[in-house]
Amino acid sequence: MQLAVLTAAAFTYVTAELLPVGALPAIARDLHVSVPVVGTLLAWYALVAAVTTIPLVRWTAHWPRRRALLLSLACLTVSQLISALAPNFVMLAGGRALSAVTHGLMLSVIAPIATRLVPASHSGRATTMIYVGTSLAVVVGSPATAAISLAWNWRVAVAAVTVVAAAVTVAAWAVLPVLALSDDQRAAAGSGARHHRNPRLVIVSLFTLVAVTGHFISFTFIAVIIRDVVGVRGPAIAWLLATYGVAGLLVMPLVARMLDHRPRAAVISCMAALWLTLLVLTGLAFHRLPTAATALIGIIAIALWGATANAVSPMLQAAAMRAGADDPDGASGLYMAAFQVGIMAGSFAGGLFYDHGMLMMLAASAALIGAAAAGMFAKRQLFDVPAAGQP
């Protein structure tokens, strides 16, 4: 029940973050702004989250973990209420900024909370379950809010998220323990933390930044890649996007087991598979095969892209928390800040590469993913699980 509430929290937060994607035209019409202007809501959200994550994690470092999570969920609920009632675009952007402020905090504390609720031997599975919530937000939450926006109104969709966020906040308060920090944990947290002097954590975060940047260069335009490279068009694009998300969900149980027992092999094999997948798509962009062959290979590649990209995220966060085991919340915060910067850099760079064609964009993604994979292979010890009693 406790892990289910944490999964629901991740699902609700990411659904709220992605809501404008499916409601762009409706929001633009209602608030009398252009679609590109509404599209900036995602970029600004990532910027605010990237800037505020580390300071907010440090500010709340000595709090009981449930209190930090409840703060995040309360801000999400209020932000969605403001957004649903927003009379203009500025108010809508301000409402979303409120949830963006605590977005990084929520994702920083939620995985460490999950690992504290289970035996140490199941920590990988607990972290992975949180990512089931984020994957469900892509597969179920975002399409659902898009459908509500089309059938009724985008404000109804935001109001629905508000109700769910409020319910999850109450559930978290009711079922989660306080999770106060011990004296040793308090001494290691906050201003006492020296994560920037932890080489293992810094390297994991840098690899994360490079990998996420490479991923989002192309993922930002995945619908266009499906249409122009794979050759799938019309309503079938939505089905292939769903396949991307479902593949990520299906791989989670396998990831959970490997993450607890063979984390090094799991990370390196998934990164290698992600690199090969992007190489295949780059090859299709460079030389088109007969239509049927291109579609078949492309559909398989998109499914593998979803499986490997969704698998890597919990693996890297778990590695970050192991690297900063004395203060996993702060270590997770540094990881999340790197992740958000990667989203921003990848989305921005993707727009620049997009103007020069699919081939250059996919090649850039493959090059960065390959560089991150090579670095992780060279530094394989980053992903080892310390033996009991070792730092």
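**View A. Nonpolar surface patch of Val78, Ile82 and Met91.** In this predicted model, Val78, Ile82 and Met91 make a nonpolar surface patch of about 230 Å². Patches are made of residues with over 30% relative accessible area and no salt bridge, with nonpolar side chains (Val, Leu, Ile, Met, Phe, Trp, Tyr) joined within 5 Å and like charges within 9 Å. Areas come from the Shrake-Rupley method with a 1.4 Å probe, and for residues only the protein chains shown count as cover. Ile82 lies in helix α3 (residues 65-85); helices (H or I, at least four residues) and strands (E, at least two) are DSSP runs, numbered from the N terminus. Ile82 counts as partly exposed at 30% relative accessibility, where buried means under 20% relative accessible area, exposed over 50%, and partly exposed in between (1.4 Å probe, protein chains only). Residues are numbered from 1 along each chain as its sequence is written, and side-chain values use heavy atoms, with hydrogens and water left out. Local features need pLDDT of at least 70 and side-chain atom pairs count only at pLDDT 80 or more, whereas totals for chains, interfaces and linings use all residues.

**View B. Salt bridge between Asp30 and Arg155.** The closest N and O atoms of this pair are 3.0 Å apart; a salt bridge is a side-chain nitrogen of Lys or Arg within 4 Å of a carboxyl oxygen of Asp or Glu. The pair links distant parts of the chain, with Asp30 in helix α1 (residues 2-31) and Arg155 in helix α6 (residues 154-175), 125 residues apart. Asp30 is partly exposed at 31% relative accessibility, and Arg155 is partly exposed at 22%. The count of salt bridges comes to two.

**View C. Helix α9 (residues 222-230) and the residue that follows.** Ile222, Val224, Ile225, Ile226, Val229 and Val230 are buried in this helix. The side chains of Arg227 and Asp228 meet in a salt bridge of 2.7 Å, N to O. Asp228 is partly exposed at 32%, as is Arg227 at 33%. Gly231 follows α9 and has a positive phi, near 90 degrees.

**View D. Helix α14 (residues 358-378).** The 21 residues of α14 reach 30 Å from first C-alpha to last, close to the 30 Å expected at 1.5 Å a residue; the expected span is 1.5 Å times one less than the number of residues. Buried residues of α14 include Met358, Met361, Leu362, Ser365, Ile369 and Met376.

**View E. Cys75 and Cys270.** Cys75 is buried at 15% relative accessible area, and Cys270 is buried at 13%. The count of disulfides (pairs of cysteine sulfur atoms within 2.5 Å) comes to zero.
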